[in-house]
Amino acid sequence: MSIVVEKVSYIYGGGTPYEKKALDQVSLEIHEGEFVGIIGHTGSGKSTLIQHLNGLLHPTSGTVSVNGVDLAEKSTEASAIRHKVGMVFQYPEHQLFEETVAKDIAFGPNNLHCLPDETERRVREAMKFVGLDYDTFAERSPFRLSGGQMRRVAIAGVIALHPDFLILDEPSAGLDPIGRREIFSQIRQWYKTGRFSVILVSHNMDDIARLATRLIVMNCGRAVLDGSPMDIFLHHRDILQQSGVDVPPLTKTLEYLQERGIRVPLAARETEEAAQALYDEWRTRGTC
Amino acid sequence: MESLMFDIRHVSHTFEMEEGKEYEALSDISLTVKKGEFMAVIGTNGSGKSTLARHMNALLLPTRGDLLVEGMSVLKEENMWNIRQKVGMVFQNPDNQIVAAVVEEDVAFGPENLGVPPVQIRERVDHALERVGMTAYRKHSPAMLSGGQKQRVAIAGVLAMHPDCIVLDEPTAMLDPAGRKEVMTTVHDLNHQEGMTVILITHFMEEAVTADRIAVIQKGRLVMDGTPREIFRHVSELTDMGLDVPVPADLSYRLGNKGIPVRRDCMTDQELGDALCPLLLKK
């Protein structure tokens, strides 16, 4: 199972004075089981790219296919396959609209013509998935929940569609550090269940470094880097800088210490890992 | 001359919820802010920090206690307009704050409403746009600007009111790293070069660490108040509250705990380097 993007270009406002090439000959393949991080500054084309992955936008030229089915086709097969790619937009809680949490999450399965029993099963399962207790929250109004809870309801609505690929656009925007930690540890847990591949768009390099197995850097409508996150953060600083993206704060601090002449574990993803390595280094010195 | 920008005296704020239930969003907060200070306010979602910010220009009034802005009580109705002109607010979403179709008209909106004569409006708008580095965009449509640029236009709109203080409620939450940097540089310049008092509500600890002072709000109470160094040395308390600490502070704290004789309150990479070099320099 995979998403194949082949030589995709996309032009906004073609033929008008505002014509803008948002994607320029992008080719890439996202495989089952991957956790792909996509980064790039505002306007780099990353949102345009992810909207192609479930057929919300169709390429001006080139093709996007999921499991071999071209998303631009008008067949029932093509529309069915689009449900396999679930999309969680930025600030998804703005899209909540139903009277109760359960009804809101049921909206997707109902549209897929699930039977009532099946819909309820999916709603319960999706709520469990995002850590919302069914008995406590099912009958509550989604508009009286906290920001973090509303966001989880919105994500549950996408999970209830049973996607094979889950796309999340800045899922932590506007959340406090603990909300951010919670949402990312949950994403990590979902990913570990092996139920779906994850495509994560984020400005938070820390989270990308910790979670993604693969990183794609977008700039000027092109995928300018594609590889392992740490390799990109450590060996492609020039291109990252040109692309207007940062490296994780921990990597930045460790690089500074290295410049000062200290031996550091540059590829550390967690602060504790770096602290332990620095401590070990100090211990070795003390004994010799 | 009043030297205090804000004198917050035992302020509590209770919201009426459905079915007659009450919710105390702020409990007995006392705090003073000097003119020219740059104070960051941190706390988790729902801690009350935005509620506090909205008290600072009388968008919300205390249900108990009093708040003085340059000596003027928010409880006296005749002070209201004066206070709102002295204290400008900038919010999270730039798209919700911009009203006009051209950048300079948007900035002119405030002074026009104050009844400032046209010639002076021109001066104020030009000067405000210059201070946020947006003069080149004065004839542009705000819709065509980046998030960081829109926030700078929003700040210019506030500056055109000639305030003594700017309160920014998570101004960078919706911006990418480049936009975040733009806004923070602008705010720091206003503080350093013009002595503007700044209150910055933020979830980003790397922004808070650049302030003169940090107030930590939790469950509606002021739980810590001090310089970044005084605050961020409380790594475990902050983590328990659900907050972060900047990387150098976190790393030096962990190294100290492991038994390496280093100071545990490094705020910058440079301080951490200075602390570690004598112990760990490559031979």
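Leaving aside its neighbours within four places in sequence, which residues is Val167(B) in contact with? The list is Ala53(B), Met56(B), Asn57(B), Val87(B), Met89(B) and Ile199(B). Keep in mind that you're looking at a predicted model.

**The nonpolar cores**
- Val167(B) turns up again in the largest nonpolar core, which has 93 residues.
- Together with Val41(B), Val107(B), Ala156(B) and Ile199(B), Val167(B) touches the most other members of that core.
- The top contributor to this core is helix 5 of chain B (residues 147-159), which puts in six residues.
- There's also a second, separate core of 70 residues, and among its members are Ala106(A), Phe184(A), Ile199(A) and Ala223(A).
- As a bit of background, nonpolar side chains in soluble globular proteins tend to be buried together.

**Zooming in on Ile216(A)**
- You'll find Ile216(A) in strand 9 of chain A, which covers residues 214-219.
- Is Ile216(A) buried or exposed? Ile216(A) counts as buried because it has 23 C-beta neighbours inside 10 Å, and the cut-off for being buried is 20 or more.
- Setting aside residues within four places in sequence, Ile216(A) makes contact with Leu28(A), Val36(A), Ile38(A), Ala223(A) and Asp226(A).
- Take Leu28(A) from that list: 188 residues separate it from Ile216(A) in sequence, yet their C-alpha atoms are 9.5 Å apart in space.

**A hairpin in chain A**
- Strand 9 of chain A runs antiparallel to strand 10 of chain A (residues 222-227), and five bridges join the two.
- Across this pairing, Met218(A) sits opposite Ala223(A) of strand 10.
- The two strands make a hairpin with two residues between them.
- In the turn, Cys220(A) has a positive phi of about 50 degrees.

**Strand 1 of chain B and its partners**
- Strand 1 of chain B (residues 4-16) is joined by nine bridges to strand 2 of chain B (residues 22-34), and the two run antiparallel.
- Here, Ile8(B) has Leu31(B) in strand 2 as its bridge partner.
- Strand 1 of chain B also pairs with strand 4 of chain B (residues 64-69), again antiparallel, through five bridges.
- Look for Ser12(B), which stands opposite Arg64(B) in strand 4.

**Where the chains touch**
- The contact involves 34 residues of chain A and 33 of chain B.
- On the chain B side, helix 6 (177-194), helix 10 (247-258) and helix 11 (269-280) each supply at least two residues.
- That side of chain B is made up of 16 nonpolar, nine polar and eight charged residues.

How values were computed:
Residues are numbered from 1 along each chain as its sequence is written. Chains are lettered from A and ligands numbered from 1 in the order in which they are written. This is a predicted model: local features need pLDDT of at least 70, side-chain atom pairs count only at pLDDT 80 or more; totals for chains, interfaces and linings use all residues. Two strands pair if DSSP finds at least two bridges between them. Helices (H or I, at least four residues) and strands (E, at least two) are DSSP runs, numbered from the N terminus. A nonpolar core is a set of buried Ala, Val, Leu, Ile, Met, Phe, Trp, Tyr and Cys residues joined through C-beta atoms within 7 Å. A residue is buried if 20 or more other C-beta atoms lie within 10 Å of its own, exposed if 12 or fewer, and partly exposed in between; C-beta atoms are placed from the backbone. Two residues are in contact if their C-beta atoms, placed from the backbone, lie within 7 Å. Ala, Val, Leu, Ile, Met, Phe, Trp, Tyr, Cys and Pro count as nonpolar, Asp, Glu, Lys and Arg as charged, and the others, Gly among them, as polar.
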